[in-house]
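Work through these exercises with the model open beside you. Try each task before you read its solution.

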Amino acid sequence: MPGSSFSLGISRDGAALATALDNFVKAYNNTTGMVSTLGRYDAATDTAAPLQGDAALRGFGASLRTAAGAAYGAGELQTLSQLGVELQADGKLAFDRSKFLELEAAQPAQVVGLLGGEQGLAASVTRLTQGYAGSEGVIDSRKESLESRLKRVANDRVALDRRLEVVEARLRRQ
């Protein structure tokens, strides 16, 4: 209404940022678990997983681990471990929410610098995943290559069938 006054408060929401980082940690752990499962070999049963030995899968896993341990931004806070995200012995990440919230309250610009922006964690992980799963990424290229190989194999089978028919016909005439 005209002539009425109101107040508007704007504040940071460290809890929402902590939840987003916790979700990242969970997604990271799920992804590294999937990479491990798809690439493992079980010596007890002499069974290889579907992508055991696959270079692209190993490369993705290594790149993801590198991203989790890399330095981001130009400020005092540059690593996830400084924010309370620690790499465990099993390769998974653990998140100390209270440590993060303390740092976020004391150094909000530094936290945002590490997580956001063009050189932050979010942008880096986005580039990494797009390089593998995006259009024209490693997976897309691999799929096209495999489809091309399947088409060549199918054509080779047709050609072989024709040659066998010719040989069979020649042998029957003898």
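**Exercise 1. Overall make-up**

How many helices and strands does the secondary structure of the protein come to?

Solution. Start with the source: this is a predicted model, where local features need pLDDT of at least 70, side-chain atom pairs count only at pLDDT 80 or more, and totals for chains, interfaces and linings use all residues. Residues are numbered from 1 along each chain as its sequence is written, and side-chain values use heavy atoms, with hydrogens and water left out.

Step 1. Count the elements: six helices and four strands. Helices (H or I, at least four residues) and strands (E, at least two) are DSSP runs, numbered from the N terminus.

Step 2. Read along the sequence. The pattern is α-β-β-α-β-β-α-α-α-α.

Step 3. Check the spread. The radius of gyration is 27 Å, well over the 16 Å that the globule rule gives for 174 residues, so the protein is more spread out than a compact globule. This radius is taken over C-alpha atoms, and the rule is 2.2 Å times the number of residues to the power 0.38.

Step 4. Box the C-alpha atoms along the principal axes. They fill roughly 105 × 55 × 30 Å.

Step 5. Look at burial. Buried residues make up 24% of the 174 residues. Buried means under 20% relative accessible area, exposed over 50%, partly exposed in between (1.4 Å probe, protein chains only).

**Exercise 2. Aromatic pairs**

Find the pair formed by Phe24 and Tyr28, then the pair formed by Phe60 and Tyr132, and classify each.

Solution. Step 1. Set the rule. Rings of Phe, Tyr and Trp (its six-membered ring) pair if their centres lie within 6.5 Å; planes under 30 degrees apart count as stacked, over 60 as edge-to-face and the rest as tilted. The structure holds three such pairs.

Step 2. Take Phe24 and Tyr28. Their centres are 6.3 Å apart with 45° between the planes, so the pair is tilted. Both residues lie in helix α1 (residues 14-39), four residues apart, about one turn of the helix. Tyr28 is buried, at 3% relative accessible area.

Step 3. Take Phe60 and Tyr132. This pair is edge-to-face: 5.0 Å centre to centre, 65° between the planes. Phe60 lies in helix α2 (residues 55-69) and Tyr132 in helix α5 (residues 121-133), so the pair ties together parts that are 72 residues apart in sequence.

Step 4. Check burial. Phe60 is buried at 14% relative accessibility, and Tyr132 is buried at 16%.

**Exercise 3. Helix packing**

At what angle do α2 and α5 pack, and how far apart are their axes?

Solution. Step 1. The angle is about 175°, with the axes 11 Å apart. Axes are lines fitted to C-alpha atoms, for helices over the stretch in contact, and angles run from 0 to 180 degrees between N-to-C directions.

Step 2. Classify: α2 is roughly antiparallel to α5. Angles under 35 degrees count as roughly parallel, over 145 as roughly antiparallel, 65 to 115 as roughly perpendicular and the rest as oblique.

Step 3. List the contact (heavy atoms within 4.5 Å). Helix α2 gives Ala56, Gly59, Phe60, Ser63, Leu64 and Ala67, while α5 gives Leu121, Val125, Leu128 and Tyr132.

Step 4. Sort these residues: eight nonpolar, two polar and no charged. Ala, Val, Leu, Ile, Met, Phe, Trp, Tyr, Cys and Pro count as nonpolar, Asp, Glu, Lys and Arg as charged, and the others, Gly among them, as polar.
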